[in-house]
Amino acid sequence: MSQARTDVGDHRGDHKVVVITGAGAGIGRVTARRLLDDGHSVVLAGRRATTLEETAEDRPGAMVVETDVTSPDSVRSLFGAVRERHGRVDVLFNNAGVFGPAASVDEVTDEDWRDVLDTNVTGALYCAREAAVLMRDQEPRGGRIINNGSISAHVPRPLSVAYTVSKHAISGLTASMNLDLRGHGIACTQIDIGNAATAMTEGFGANARQADGSVLPEPTIDAAHVADTIAHIVSLPLDVNVPTLTVMAREMPFAGRG
């Protein structure tokens, strides 16, 4: 490791230590592979080691850590492993998330509500907390945390109360992090993604429920474009912040959902 400098603006050249949650599939997988191909050290976190190993594909720089983001002990173990292996973390991509079953506020079950909020919100908080402590105390200090939001952080889909509430909470989490952590050299971004083509969103291409009750196909985009955007944010020096960013299919319903 090169000699550490103490100024917050130092971003250690082109190489970063990146932690990605939900790295076993979808946007997490595509982004992890892109950053590994860019030469970064990427820690792949998720519930199933087998899918994480598939993401890694034996690429140099990949580290697999089986993690349940809803468990504070599991998250602490993740960042303990990162500290032991790399001595620091430069970027956290808080990507783990679930949609949950379709349900309105009068239909959502206790179990489904807890599952979505525990994964999407509490899990993001646990990971951000551990990353921020490490970023605050390491030399050179600072880092970048990217939270995966959603178009639903602005406008809901029908029958998505748990998911929509969780993504509005991510907006609050990101805003609070930007305020509380900027003095430690930590920059925070919320990236709101609309209809990136993954297994999680494959139904939208054929039968997405609309605000008027109809079911229509919606356009999607290659998830590689999301990975490209994240790779650009990762490449920025820490005196540059991107608080919010939206990447979406041009013709998907958004402003017109309601």
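Reply: For a pair of axes, an angle under 35 degrees counts as roughly parallel, over 145 as roughly antiparallel, 65 to 115 as roughly perpendicular, and the rest as oblique. This is a predicted model, in which local features need pLDDT of at least 70 and side-chain atom pairs count only at pLDDT 80 or more, while totals for chains, interfaces and linings use all residues. Residues are numbered from 1 along each chain as its sequence is written, and side-chain values use heavy atoms, leaving out hydrogens and water.

The pair is helix H1 (residues 26-37) and helix H7 (residues 223-235), whose axes lie 9 Å apart at an angle of about 50 degrees. Axes are lines fitted to C-alpha atoms, for helices over the stretch in contact, with angles from 0 to 180 degrees between N-to-C directions. Helices are DSSP runs (H or I, at least four residues), as are strands (E, at least two), numbered from the N terminus. H1 and H7 are therefore oblique to each other. Their crossing is right-handed (the near helix is turned clockwise from the far one by less than a right angle).

From H1, the residues Ile 27, Val 30, Thr 31, Arg 34 and Leu 35 take part in the contact (heavy atoms within 4.5 Å). On the H7 side they meet Ala 223, Ala 224, Val 226, Ala 227, Asp 228, Ile 230, Ala 231 and Val 234. By class, the residues of this contact are 10 nonpolar, one polar and two charged (Ala, Val, Leu, Ile, Met, Phe, Trp, Tyr, Cys and Pro are nonpolar; Asp, Glu, Lys and Arg charged; the others, Gly among them, polar).

Val 226 also belongs to the largest nonpolar core, which has 29 residues. Such a core is a set of buried Ala, Val, Leu, Ile, Met, Phe, Trp, Tyr and Cys residues joined through side-chain atoms within 4.5 Å, buried meaning under 20% relative accessible area with a 1.4 Å probe, protein chains only. Val 226 touches the most other members, together with Ile 20, Val 42, Leu 44, Ile 146 and Ile 191. Strand S1 (17-21), H1, strand S2 (41-46), helix H2 (49-56), strand S4 (91-94), strand S6 (186-194) and H7 each supply at least two residues. H7 gives the most, six residues.

Leaving aside neighbours within four places in sequence, Ile 20 is in contact with Gly 28, Thr 31, Ala 32, Leu 35, Val 42, Val 43, Leu 44, Ala 45 and Phe 93.

Conventions:
Buried < 20%, exposed > 50% of the residue type's maximum accessible area, 1.4 Å probe, protein only.
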